[in-house]
Structure formats: structure tokens, C-alpha cells
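The sequence and structure are shown first.

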Amino acid sequence: MTGSIPIAGDPARTTLRIGRISASGHELTRELSASLDWSPPRLSLSPLDLEILGYSCKLAGQIGMFRHLPIAIEAQVPKQVLKPVRLPWNGQAAADGMAANARFRGLLFAPGTWQGELVVEFSVPTIRIADQEARFDRGSSVTVLRGGALSCVDARLIGDPLSLLGNATLLADGRLAGAARVVAAPDTAGAIASRIFPTVPGQRPLTALSTPQRAAFDLEAMGNLRQIFLSLGKSGPIIQFNP
């Protein structure tokens, strides 16, 4: 990394050059040239076009030279192809198109003030588990950070034969809770539940919907990051899952 970061004195502009950024041994991006604007008492990052893990992104931000360092960051991922992503149960996901917008703000050294939003949209997403593939028309998720709680308030993959819905919340102390629903023809919903939990004996109860052509398999989760309890279907069996 070369360049200087002005945080005092008269207004100034500078360029910060970064050769490489890595995390957990994986290179995220390289060869960045960031333009910084110092306008007392605020340091701003001009909108920066970069590539992270092969995806085009735009990033901008500000930080104030006050107590606790107030900070604001905005990021945007323009619509582009989502490359295959590995999922649990030997699965993978991909999409013809993906776009995202994210915002973060708060006092850097006061986590209780942190607030953020992440909105992601997908076009023609697909999920493959083992030899089965499900193709959807569209998908989306909305995730918010408030008062030490990270919540995916709405996640959905919508298709004609099959839809997946869910939400989840993780608290700062590690406690979590969530719910997911598979909506499909009754036979299909039951088969999906059995495939995901093949070692659980007995039937996975389905939830009746307004039309007999559709039924839902509901999954509820509660616990903490070390121990999660899963309730399979309405009044169904409860199993323990250790991440």
C-alpha cells in the first residue's frame, strides 16, 4: 500500500494505492487506486469501481474525525451473472442475474449504534442438491442490522412448481431463530423434506394451504451458534444440529 491519508490540517486530496487485499488466504481484489478527500472534519472515499472475487462492485464511504469515529459506507453490485456457489448437503446455487445494494453507518467503536441494510435480487436462480435441480423465476432477500441484531427479514425464491421462503435473526450474544417454508405440490414437498433429512424416521408433517394443489413443509430453528434445534414440520420431530 502506498500513499498518505490526510486526517488533519487544511483540505486536501490524495490517492491511496493498494496492491492486494486477502482474507483467510483468499485474494479478494488487487491493484486498487482509491481517491480520498479530506474536508475537515470528514474524510471521504470517492466512488470506487473495483472487482471482488470476480464481481464488479462500486464502493464509497465517509468517516468523521470525532469521538467514536462516525462512519458511513455504501456499496453496490450491478446486475451480473452469479457464478455457482456451494451449499450444504452437497448443493450449489447460481443465477442468470444478481444485483445488490448495501449501506452501513454508525460509530466505529460503539457496535450498539451500527445500522445496515443489504438488499439482493436474483433473476432465474437455480439450486442443485445431489442430482436434483430446481429453477425459479426470481429471488430476493432483505437483511438489516439494528441494535446488535442481524436479521434476514425476508428471503424468497419464487417459481411456478416450487417456492422457498424464509427469515432468520442472529443476536449479538449468539442466540438465533429462523423459519423456512417449502411450497410445492404435496408429493414434491414431502419428497424434498425426506431428501434433506433422510436419517429422521417417520413422516414430515405438511401444512395445508388454501388450494389442495399446494402444500408447505415448514422448518423452524432456534438455539445458538453452538447448538441449533430444528423442528421439522408443524408439530413434527425436533432434531439437534451442531454447526
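**Basis and strand pairing**

Strands are DSSP runs of E with at least two residues, numbered from the N terminus, and two strands pair if DSSP finds at least two bridges between them. This is a predicted model, in which local features need pLDDT of at least 70 and side-chain atom pairs count only at pLDDT 80 or more, while totals for chains, interfaces and linings use all residues. Residues are numbered from 1 along each chain as its sequence is written, and side-chain values use heavy atoms, without hydrogens and water.

Strands β1 and β2 run antiparallel and are joined by 11 bridges; Thr14 stands opposite Leu36 in β2. Their hairpin has 2 residues between the strands, and Ser24 takes a positive phi near 55°.

Strands β2 and β3 also form a hairpin, with 2 residues between them. They pair in the antiparallel sense over 4 bridges, and Trp38 has Leu43 in β3 as its bridge partner.

**Nonpolar cores**

A nonpolar core is a set of buried (under 20% relative accessible area) Ala, Val, Leu, Ile, Met, Phe, Trp, Tyr and Cys residues joined through side-chain atoms within 4.5 Å. The largest has 21 residues, and those touching the most other members are Leu36, Leu43, Leu50, Ile63, Val77, Leu82 and Met98. At least two residues of this core come from each of β1 (12-23), β2 (26-39), β3 (42-52), β4 (55-64), β5 (70-87) and β6 (91-107). Apart from this core lies another, of 18 residues, including Ile127, Ala184, Ala189 and Leu230.

How values were computed. Buried < 20%, exposed > 50% of the residue type's maximum accessible area, 1.4 Å probe, protein only.
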